[in-house]
Amino acid sequence: MVTKTNRFYIRLLSFALVLIIVPAVFLVMQTRKLRNAEMLLSGIYSNAFNEAIVNTELISTSLQSGAYGGGLQEAANVWRAAGAVKASIDILPPTTEDFEQIYTYLSQVGDYAYLSALEAESGGEGADPESIAALSVYTDQFLEGLVSVAARYDGGELPIGTLDMDDTSDSVQSQISGIITEEMQYPTLNYDGKTSSHMSKVKYAFIEGLKNITGEDALKKAADVLGVNTSSITSEGESGGDTLKNYNFSAGDTSIDITAAGGYPLLMFNGREVAGGSLDAKSAITSAKSYIEKCGFPNMKEYSYTENENVITVDFVFSQNGALVLSDKITVGVARDNGDIISFSASEYIKNHSEKRTIASPVLSNSDASGKLTKGIKSNPGRLVVVMSDGGKESLCYEFLCSIENGSKSLCYIDAATGRQKLTKPLAQKNLII
């Protein structure tokens with residue numbers, strides 16, 4: 001017979017078993033989930049390695065085919081494969097390891113192959129055979145390193161590094177980073193693209209070769225531009241390093257930078273609050289143009305502007321031989337409450353403008369160029385402009401403001417020498433000044 005006391009002990013024992021068994025089952029389940037997650041991640045990383053290896057092999061074979069005239073298709077294969085390799089490496093967790101050299105190689109090998117093939121299709125020289133040969137050797141060395149790291153990972157010799165690891169020197173990421181060595185001969189690749197080797201060497205064409213002014217002279221220039229006494233200005237030191245050394249000053253809410261070379265205003269900003277206003281665009285443009293001339297930048301032509309209830313921002317570009325040089329840009333912000341100039345930037349002008357630039361006469365007429373536009377779109381008569389490519393190459397083009405049936409507007413650029421369409425870009429929110 002089961003007494004009340006026995007029932008109590010039975011219940012107590014049951015509760016005790018539950019307290020022991022449930023956590024144990026939960027622990028087993030969590031352990032299985034963790035193992036499953038680890039297996040899943042391991043599969044993802046192994047697949048990423050496989051994709052990186054397959055696509056690096058594709059880069060290698062396509063480069064070899066390109067050396068024998070593989071053309072645009074092989075170049076496109078290199079470009080796509082390089083992007084795929086980078087995407088595979090990006091799957092790995094972030095660590096303190098630096099993949100900059102690898103990413104530079106992957107960016108350049110794809111861009112160089114594709115952009116050089118495009119150049120050849122347009123009648124240009126195309127890729128340099130020696131550079132392609134050097135890239136092929138480099139790619140094969142990189143591939144060999146990837147295969148080695150993948151084999152060690154699959155064999156359990158290398159862990160995947162994480163940010164919380166005390167030492168990642170023998171992790172997958174560190175071994176991938178270590179594939180690139182100083183002994184590997186990487187070619188200098190110059191081409192018309194933003195990842196070209198020559199684009200890493202920033203030069204400021206306008207002030208190149210100009211004599212440096214003193215800090216005292218820069219102070220006087222800042223006072224003249226701001227329209228205040230030198231006693232009202234505080235020196236804030238220097239910035240920009242050797243490539244674009246400039247003197248920094250402040251006067252109340254306003255900061256201004258003056259280039260050491262030549263003593264030109266580089267940047268100015270007035271941080272005062274602008275509480276709306278009624279200044280119109282025409283008046284703002286007139287005021288901004290006078291300010292630019294005061295700063296020592298002649299032959300600037302108003303190109304476009306944006307406006308809100310507080311500020312009208314105007315873009316000016318350099319005008320030369322009847323063409324607008326779009327890369328030589330200066331931007332000015334005008335307060336709508338009283339017409340004050342509250343911002344100024346000549347950084348693009350100082351980087352790109354060259355007194356040595358020559359502009360050839362157009363081969364095509366405006367009418368001939370407009371005939372090269374896609375049929376069915378509407379456009380204005382067009383005007384001559386100089387556009388700069390991602391690689392810093394300038395081309396004389398006709399610029400057309402175009403629109404289609406849905407009302408969207410774009411700027412279309414037709415090469416004034418070849419008649420080819422260089423580029424098309426949306427007008428966005430800016431008001432083009434025709």
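Eight elements each supply at least two residues of the lining of the largest pocket: helix H3 (100-121), strand S5 (300-307), strand S6 (311-320), strand S7 (323-335), helix H8 (347-352), strand S10 (383-388), strand S12 (409-415) and strand S13 (421-426). Helices (H or I, at least four residues) and strands (E, at least two) are DSSP runs, numbered from the N terminus. This is a predicted model: local features need pLDDT of at least 70, side-chain atom pairs count only at pLDDT 80 or more, and totals for chains, interfaces and linings use all residues. Residues are numbered from 1 along each chain as its sequence is written, and side-chain values use heavy atoms, without hydrogens and water.

H3 gives the most to this lining, with seven residues. The lining has 44 residues; Met388, Ser389, Asp390, Lys422 and Leu423 lie nearest the pocket centre. By class, 17 are nonpolar, 12 polar and 15 charged. The space in the largest pocket is about 1500 Å³.

The second largest pocket has a volume of about 480 Å³. Its lining holds 18 residues, with Lys203, Lys351, Asn352, Met388 and Gly392 closest to the centre. Four are nonpolar, six polar and eight charged.

Now the cysteines. The count of disulfides (pairs of cysteine sulfur atoms within 2.5 Å) is zero. Cys412 is in no disulfide; the nearest cysteine sulfur, that of Cys402, is 3.5 Å away. Cys412 counts as buried because its relative accessibility is 6%. Buried means under 20% relative accessible area, exposed over 50%, partly exposed in between (1.4 Å probe, protein chains only). Cys397 is buried too, at 0% relative accessibility.

Notes:
On a 1 Å grid over the protein atoms alone, a cavity is a set of points where a 1.4 Å probe fits but cannot get out, and a pocket is an open set with protein on both sides within 12 Å along at least five of seven lines; lining residues have an atom within 4 Å of a point. Grid points are joined across faces, edges and corners, and a volume is the space filled by probe spheres set on the points. Ala, Val, Leu, Ile, Met, Phe, Trp, Tyr, Cys and Pro count as nonpolar, Asp, Glu, Lys and Arg as charged, and the others, Gly among them, as polar.
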